[in-house]
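Visitor: Could you take me through this structure, starting with its cavities?
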Amino acid sequence: MGYDFKEIENKWQAYWADQQTFKVSNDSEKPKFYILDMFPYPSGAGLHVGHPLGYIASDIYARFKRHKGFNVLHPQGYDSFGLPAEQYAIQTGQHPAKTTQDNISRYRTQLDQMGFSFDWSREVRTSSPDFYKWTQWIFLLLFDHYYCKDTDKALSITSLINRFEKEGNININAVSDVKTESFSGDEWLAFDELQKQEILLGYRLTYLSDTEVNWCADLGTVLANDEIINGVSERGGYPVTKKKMKQWSMRISAYSERLLSGLERIDWPESLKEMQRNWIGKSIGAKVFFEIEGSDKKIEVFTTRPDTIFGVTFMTLAPELDLVQEIVKPNQEEAVNSYIKETQQRTQRERMADVKNITGVFTGAYAQHPLTGDSIPIWIGDYVLADYGTGAVMAVPCGDQRDYDFAKHFDIPITNIFKDVSIAEDAYTDKVNTIIDHSDFLNGLSYKDAMVRVIDVLEEKGAGAGTINYKLRDAVFSRQRYWGEPIPIYYKNGMPQPLTLEDLPLNLPDVENYLPTPEGAPPLGNAVNWAWNEKERKVEANTAIDHRTIFPLELNTMPGWAGSSWYFYRYMDAQNPDVFVGNEAKNYWQDVDLYLGGSEHATGHLLYSRFWQKFLFDLDLLPVEEYAKKLINQGMILGTSAFIYRKPGTQTYVSKDLLGPEDTYEPIRVDVNLVNASDELDVEGLKKWQPQFAVAEFEFSLGVLKVGREVEKMSKSKYNVVNPDEICEQYGADTLRMYEMFLGPLEQAKPWNTAGMSGVHNFLRKFWRLFYKEDTFLVTDSVPDKKELKILHETIKKVTEDIESFSFNTCVSSFMICVNELTSLDCHSVEVLKPLTILLSPFAPHISEELWQKLGHTKSIVEVPFPEFNESFLVEEAKNYPVSFNGKMRFTLSLSLTLDKEAIQKAVLDDLRTQEYLEGKAPKKWIIVPNKIINIVF
């Protein structure tokens, strides 16, 4: 009976599905273990071999934990809202729901054929109304809460209103962007409803405001910072510009300190935690106020170096600040506006990275130094960003290199305030060795002492205060897209009004056109029925809007990270229609024990989800403040791209081995699936692949066309994608699973090489032959000898330890060594093969299930206890000693480890080979180290 992997894998995949083998209960006496993969976006291209890497690793660990007696939750679903489906809808008119469903069906087939132990009864899709009902509900909760600094948590807006009614806002210590002057309780009660709503909007954790955003005209939507790479959109590579729009934002900045401190309590990769720390960007310093001459306006700056305040010689504002238009002098207005327009064409990343080009414009206005009263010119410069700090810089050119370069470029005076330091060529930026000079009451003080002193003086004068600043900005939440969660808001007198839980889900309406409206409104503006009947609590036709009982609904949708910010809790209770997760489920599962996913989500999903978790924890809706105890970032499987080489100005392609060192032929990518293991291109297949190659000419080497190779990211655009379906067809899913683990350490990037599959496949065949020789079942009840037991228990020990440390590549090596050694011993003992089959099961579940059944078992191997290694079998009883003469090893001799030195000496002398090497001479000295060496000096 041969190893028919196709029949075996089909059989057991059907069995697991029919028996619902991996369906898990929320009520078990077993200890729980929740293992989670970052759920995929179902793209039209399907999975390539790089995608399953993390899924295979998590599946091995999930199966291992089941064997170890845990109740394992290992769910899967789809992050199914996304821009690609919408772009396809724009091109074809096909509804994104149809495209998404087709893609999900494709993904499901691919995932099933790889033998993953997912509990599919808990599948979630972010685009399903049953799911996004609860995403909308969380939005409403955020809208209905504010962040209280006194309690350091979110509290209800109702409680804030109660305080306003009693005492006004004088004693309110909350995170807000409210610019309203202080008011009393009586004044609050006298405000009209519109005034009250506007004030409350400045406190809400999700709020509407005029915000400068990253606008991508080609995609017709706003992008988050993490959706932009090198100044262009991550999706499509389109230009991105700055634009002011009325947008929904999430007040994530309120949670900056908790997001920062929480990193110390979770077992996540240190490199990823450092990325979040840098993104949050905590700085300790002072805020300082500079009055503007001839105006009642003030410029507020945040600085980490208030000790250098006497070195301020100019100020620089971000060009996009509203204040610029208010203070610019008429004679500078044209230059300022021209500069602002230029700045809008550049992304934040470009502005921050460009240190060579120094640009700026003088506004004509002056500020007054808060301590000296000196007039300070106010400039604008694109190296200052509006959404970092206050968007204003007190420029100290003697102590900051960018300020120094700016001052030198525009011939602005530079005052040196550092003792015994030259600034003739560069700014002096060393804090530790700073001694302040030419600074009135700060003269002679160190950096630390000067910081304390100047803050005291600024506070005494009402010109500033010590403070902490965070780089983390509030997250823009609006997207001008169709295929996303509708925001459950309607507008009454221009102010946002929330729907209620009973109104949800607010379903995505049908539209005939997925592009923005002719007036520039988002695609939902094309909907015929998109108005809210406040009285009857239902959606109505737009034509019914009367602004008395029927009002317009929000036209923006939520961003892609909305559903992924809480989906892990829906898995716990996926079918519950009444709550987002029931008490029994969340109290049992609590949190994710192990989360696997890419580090590219460090400042996106992995930060936003921590924010939502902390908010829901504040409301006592979740039992823990951090949702994932441990996170592993799996490395990337890289593609080995293939290139052919075109002669300049021709359609002639030359074999790689014909190229000389001086040749400058143009490398052209070709599909790796047209190249064999010897790097030889299927030229006839190439001609059929793309039309330009059908008429091309080729220069062969010994009858073949060799390609060049380059290891890079696996991507459809690079034609280096390998389809797992083809691998499963040719080698089987168990081979694919083990090969992906064998490639290298889980966290590292590693190149794919299909030629390596045969080695792993041959291993599985060799494992099968321990049980079968053709149709003969070889397994016996014979008692295994000590060698066989030693090999087994060494493997059990090594594999168990390596699984626990996620060293799956070394596990595969151990299996190979074990099977090779057992094969050489002709071992067929059931006492050895039974535990070995269980041991292999997490890695190669199909062959393990089949052989487990062949061993006479009627139940699945899935929850059979994992083998425990017995240390007694690892104890060596004999040592193969190297025997040396005058330091040269001549032969080895197996001796019992119980022998003392005298017995060892006698055994060596009794060996005929010893006499041969001594040549009749008597030993002068014996060097015997028990369990190590024997050396005879003669």
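Guide: On a 1 Å grid over the protein atoms alone, a cavity is a set of points where a 1.4 Å probe fits but cannot get out; lining residues have an atom within 4 Å of a point. Grid points are joined across faces, edges and corners, and a volume is the space filled by probe spheres set on the points. This is a predicted model: local features need pLDDT of at least 70, side-chain atom pairs count only at pLDDT 80 or more, and totals for chains, interfaces and linings use all residues. Residues are numbered from 1 along each chain as its sequence is written, and side-chain values use heavy atoms, with hydrogens and water left out.

Visitor: What volume does the largest cavity have?
Guide: The largest cavity has a volume of about 50 Å³. Its lining includes F81, R481, W483 and M558.

Visitor: And the second largest cavity, which residues line it?
Guide: Among them are L53, E740, M741 and F808. The volume of this second largest cavity is about 40 Å³.

Visitor: Changing topic, at what angle do the axes of α2 and α22 cross?
Guide: The axes of helix α2 (residues 52-67) and helix α22 (residues 733-742) cross at roughly 100° and come within 10 Å. Helices here are DSSP runs of H or I, at least four residues, numbered from the N terminus. Axes are lines fitted to C-alpha atoms over the stretch in contact, with angles from 0 to 180 degrees between N-to-C directions. The two helices, α2 and α22, are therefore roughly perpendicular, a term for angles of 65 to 115 degrees.

Visitor: Which residues of α22 make the contact?
Guide: L736, R737, E740 and M741 do so, where contact means heavy atoms within 4.5 Å.

Key. Angles under 35 degrees count as roughly parallel, over 145 as roughly antiparallel, 65 to 115 as roughly perpendicular and the rest as oblique. On a 1 Å grid over the protein atoms alone, a cavity is a set of points where a 1.4 Å probe fits but cannot get out, and a pocket is an open set with protein on both sides within 12 Å along at least five of seven lines; lining residues have an atom within 4 Å of a point.
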